[in-house]
Amino acid sequence: GLNMTASKKASAESSKSKPMRIVSMSVSADEMLLALVGDKRLIAVSPWSDVPSVSCISNEVKNIPFRAQGSNAEAMLAMRGDLIVVPDYSRAEAVSTLRESGANVFVCPTPHSIDEVKQTLRQLGKLVGEEDKAEKIVVEMEQKLQRISKQIANIPQEKRVKVLRMQEKGSYYAPKTSFMEVCRLAGMQDASEALKYDYSCTLSQEEIVLLNPDVFVLENWNYDGRHDASELQKQLLSNKAYQATKAWQKQRAVLIPANHLLTVSQYMVEAVEDMAVAIYPEYVHR
């Protein structure tokens, strides 16, 4: 019975040292931590987690008491968090102020790909004493992606498409985005990947026409009640500047939930599914 007592003692120890008042400061960490520890141990999330168009957890965070703003270290410390998870793009001074005051701070890498999401989930899982939960989430992600890729395998090469993500001001380009990976996993290509610029920019109408996407992808969100994505869809498909593109000729512009497209958490797989279902409805279903 000695081992039994030792392991009991060990588990009592570990639950004692598990952080119970966790403060999170970025939407992707909010989404991962909520899945790992639930809303009882999470005492603060970022204000963005309340915004349905940006966050996949806006309903689930309603009972979490505080919202963490990065700029104010005093307010952060007043929450008496036993673990503060800050994004890797936080200002160095803010991080050192928190650390100097004795807070337990983890600088959380911002994932850009599914692999990085898995890595970050596992890191956070270790930190909050929920490694099994992290593994379970990773497995669920993998299962969903496998299910989608099995269905995509049936799509003939000539039916595969190039898509371009369009916003109100045209198409925004960045050299490496999570959207490129979402497209790859959904059996299509982000047309802008062909550009290989090493800087971010907004593409001109000429560049968009040259890229010649088969389908325009629009973020479906209405952040202020005055920006209806279906309005933008109409404008885009009636804009003669794009009439040389296949997307315009076939009148194909799909609306995808913005919170799935914007996220870099386990919910990225939802964006993959959304895209595959919207663009290949005869091959892929939920």
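## Burial and the model

A residue is called buried when its relative accessible area is under 20%, exposed when over 50%, and partly exposed in between, using a 1.4 Å probe and protein chains only. By that rule glutamate 130, at 18% relative accessibility, counts as buried.

The model is predicted, so local features need pLDDT of at least 70 and side-chain atom pairs count only at pLDDT 80 or more, while totals for chains, interfaces and linings use all residues. Residues are numbered from 1 along each chain as its sequence is written, and side-chain values use heavy atoms, with hydrogens and water left out.

Glutamate 130 forms a salt bridge with arginine 41, the closest N and O atoms being 2.8 Å apart; the term requires a side-chain nitrogen of Lys or Arg within 4 Å of a carboxyl oxygen of Asp or Glu. The pair links distant parts of the chain, 89 residues apart, with arginine 41 in helix H2 (residues 27–41) and glutamate 130 in the loop between H5 and H6, where helices (H or I, at least four residues) and strands (E, at least two) are DSSP runs numbered from the N terminus. Arginine 41 is also buried, with a relative accessible area of 8%.

## A bridge from H6 to H12

Arginine 147 and glutamate 273 meet through their side chains in a salt bridge of 3.0 Å, N to O. Arginine 147 lies in helix H6 and glutamate 273 in helix H12 (residues 268–279), 126 residues apart. Glutamate 273 is buried at 5%, whereas arginine 147 is partly exposed at 36%. Both belong to a network of salt bridges that also links Lys144, Glu270, Asp274 and Arg286.
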